[in-house]
Amino acid sequence: MEERVPKIVDHAERRAHIAEALVRVAARDGLHTVTMRTVAAEAGVSVSLVQYYFDTKAKLLHATLEHLERRSVERWREKVRAAEPGSSTRAIVAGFLAEALPADGESRAHHLVWTSYAVLAMTDRELAAQPFVDGPNRRERELAGILADAAARGELRPDGDHGVEAARLLTLSHGLGTSVLVGQRSADDARAILNYHLDRLFLPAPPDKSAECRLPAGDGRDLAAQ
């Protein structure tokens, strides 16, 4: 009799599959329609399996935000790796900020879910108890490190407060993302506004060569691993 080999379950893959199902439901019908049952149906799994991995709806929503953050970081890393050798830090920062713009289906869903979650958390104690601002705080610290590294290489004025600049740029990009989401302006217009501010933050590149593309020690790879 042939011995059956137990199937190895990739729990991280299952969690990601369920999180993606939540994103599809939220993007299509709104975050207020999300339940364990609607997510299970979208994912093609049982409600008990969703509950096994996430226990409560609040934990499922929070895990989905973390999943979206990892995907955002991965997309940005892919762009960095695909960038031309010698790309300036300014170009790296522009790509970093552009991830907050709902320019395609995936980034639109990310922005929609996060914004909806923030609004719901204002009146839902269980959601508010989840530390959903941890992700934005990590991104802010990462951007501050990138700006500090650029200042040390003479790419922007050295007397600026890099933490404040990082907060300002990310707040601007998220606000622009919402304006794109509601149809106030296009993604291209939002990028133009971001570039307007970056032109005033970064010093002009030397005419004979571009600044070397580097990332600081805390370059966010830890974010993708979380």
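**Notes on the pocket and the cores**

1. Let me start with the largest pocket, which 28 residues line; H110, W114, P136, R139 and H174 are the ones nearest its centre. Please keep in mind that this is a predicted model.

2. Which elements give two or more residues to that lining? They are α4, α6, α8 (134–152) and α9 (162–181). Helix α8 provides the largest share, with 7 residues.

3. For anyone setting up a grid here, the volume of the largest pocket is about 550 Å³. Its lining divides by class into 12 polar, 9 nonpolar and 7 charged residues.

4. Next, the packing. The largest nonpolar core is made up of 29 residues, and L22, V34, L60 and Y117 have the most contacts inside it. At least two residues of this core come from each of α1 (11–29), α2 (36–43), α3 (47–54), α4 (57–82) and α6 (105–121). Another core, of 25 residues, lies apart from it and includes V93, I146, A190 and L194.

5. Y117 deserves a click in your viewer. Once neighbours within four places in sequence are set aside, Y117 is in contact with L31, A58, L61, H62, L65, L127, Q130 and F132.

6. Finally, is Y53 buried or exposed? This residue of helix α3 counts as buried because its relative accessible area is 11%, below the 20% cut-off. Between the C-alpha atoms of Y53 and H11 there are 8.5 Å in space, although the two are 42 residues apart in sequence.

Terms used
Residues are numbered from 1 along each chain as its sequence is written. This is a predicted model: local features need pLDDT of at least 70, side-chain atom pairs count only at pLDDT 80 or more; totals for chains, interfaces and linings use all residues. Side-chain values use heavy atoms; hydrogens and water are left out. A nonpolar core is a set of buried Ala, Val, Leu, Ile, Met, Phe, Trp, Tyr and Cys residues joined through side-chain atoms within 4.5 Å. Buried means under 20% relative accessible area, exposed over 50%, partly exposed in between (1.4 Å probe, protein chains only). Helices (H or I, at least four residues) and strands (E, at least two) are DSSP runs, numbered from the N terminus. Contact means heavy atoms within 4.5 Å. On a 1 Å grid over the protein atoms alone, a cavity is a set of points where a 1.4 Å probe fits but cannot get out, and a pocket is an open set with protein on both sides within 12 Å along at least five of seven lines; lining residues have an atom within 4 Å of a point. Grid points are joined across faces, edges and corners, and a volume is the space filled by probe spheres set on the points. Ala, Val, Leu, Ile, Met, Phe, Trp, Tyr, Cys and Pro count as nonpolar, Asp, Glu, Lys and Arg as charged, and the others, Gly among them, as polar.
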